[in-house]
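These are my notebook entries on one structure.

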Amino acid sequence: MEKFSFSNKIELLWDNIEELRKLVEELEYYFKNFPEIFKETMSLATEVKNLILKIDPFIDIYAKKVCSQCINICCLNKNSRYEYDDLIYILALREKFPIPERNLKEKEPCYLLTEKGCKIPRYLRPLRCNWYFCKELLQEMENSPARAFREFSNTFNKMLYLRQQMLNSFFSSLPYTERNV
Ligand code: SF4
Ligand code: SF4
């Protein structure tokens with residue numbers, strides 16, 4: 001069997017859902033069968049989630065205001081593509097990864113978009129989606145009270161830092177598992 005490796009894989013292949021499904025299963029195997037080895041990774045993933053939950057209301061206030069007026073909605077598959085890092089984070093949380101039902105095209109509306117908006121909570125969205133603030137949205141956020149914006153910015157940076165720690169922890173723990181997929 002091919003040795004499990006993330007090297008030279010940067011983005012998940014939306015045009016090959018079967019490969020994606022296989023990867024999800026492989027990663028689930030690790031977290032399910034080696035919870036002790038990945039204890040730190042899973043705990044860091046929970047910290048990342050909690051920080052996203054903390055900034056969620058702040059972003060929501062301004063997104064509701066600006067995005068509801070938007071005529072060029074950015075929720076397209078090309079802007080919401082999950083990366084391997086996202087996959088590790090979501091599976092370390094022991095959450096269900098939202099696998100698309102079919103292969104996707106880049107310019108189609110995001111497969112997670114519904115008439116009522118995004119169907120998944122912010123903490124499960126791809127980093128590139130959570131990270132993206134268009135000019136109008138950013139301007140609104142920057143016009144918020146200075147203290148609130150500072151707190152948001154600090155929390156966001158802390159989240160990015162912990163996310164990197166979580167990934168480091170995952171890759172340094174991986175050799176301790178007996179099985180290579
Ligand atoms: S983030 Fe900006 S571009 Fe995207 S939907 Fe909101 S207002 Fe529109
Ligand atoms: S994950 Fe949700 S918020 Fe992000 S692009 Fe897709 S529908 Fe929009």
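Is Arg94 buried, exposed or partly exposed? I found Arg94 partly exposed, because 13 other C-beta atoms lie within 10 Å; the scale calls a residue buried if 20 or more other C-beta atoms lie within 10 Å of its own, exposed if 12 or fewer, and partly exposed in between, with C-beta atoms placed from the backbone.

Before going on, I noted that this is a predicted model, in which local features need pLDDT of at least 70 and side-chain atom pairs count only at pLDDT 80 or more, while totals for chains, interfaces and linings use all residues. Residues are numbered from 1 along each chain as its sequence is written, and chains are lettered from A and ligands numbered from 1 in the order in which they are written.

Entry on Arg94, continued. I placed Arg94 in the loop between H4 and strand E1 (113-114), where helices (H or I, at least four residues) and strands (E, at least two) are DSSP runs numbered from the N terminus. Arg94 is not a glycine, yet I read a positive phi of about 65 degrees for it. Most residues other than glycine have a negative phi.

Leaving aside neighbours within four places in sequence, I found Tyr89 in contact (C-beta atoms, placed from the backbone, within 7 Å) with Ala45, Val48, Arg163 and Met166.

Entry on the helix pair. H4 and H7 pack at an angle of about 85 degrees, with their axes 10 Å apart; the axes are lines fitted to C-alpha atoms, for helices over the stretch in contact, and angles run from 0 to 180 degrees between N-to-C directions. From H4, Asp85, Ile88, Tyr89 and Ala92 meet Arg163, Met166, Leu167 and Phe170 of H7.

Entry on Leu162. I located Leu162 in helix H7 (residues 146-173) and noted it as partly exposed, because 18 other C-beta atoms lie within 10 Å. Beyond its neighbours within four places in sequence, Leu162 is in contact with Leu44, Glu47, Val48 and Leu51. Leu162 and Thr46 are 116 residues apart in sequence, and their C-alpha atoms are 9.9 Å apart in space.

Entry on the ligands. Around ligand 1, I listed Val66, Cys67, Cys70, Asn72, Ile73, Cys74, Cys134, Glu136 and Leu137, a residue being near if its C-beta atom, placed from the backbone, lies within 6 Å. Helix H2 (39-67) and helix H6 (135-142) are the elements that give two or more residues to this shell. Ligand 2 is surrounded by Cys75, Asn79, Ser80, Cys110, Leu112, Leu113, Cys118, Arg125 and Cys129.

Entry on Leu113. I found Leu113 in strand E1, partly exposed because 16 other C-beta atoms lie within 10 Å. Not counting residues up to four places away in sequence, Leu113 touches Cys75 and Cys118.

Technical notes:
Two residues are in contact if their C-beta atoms, placed from the backbone, lie within 7 Å.
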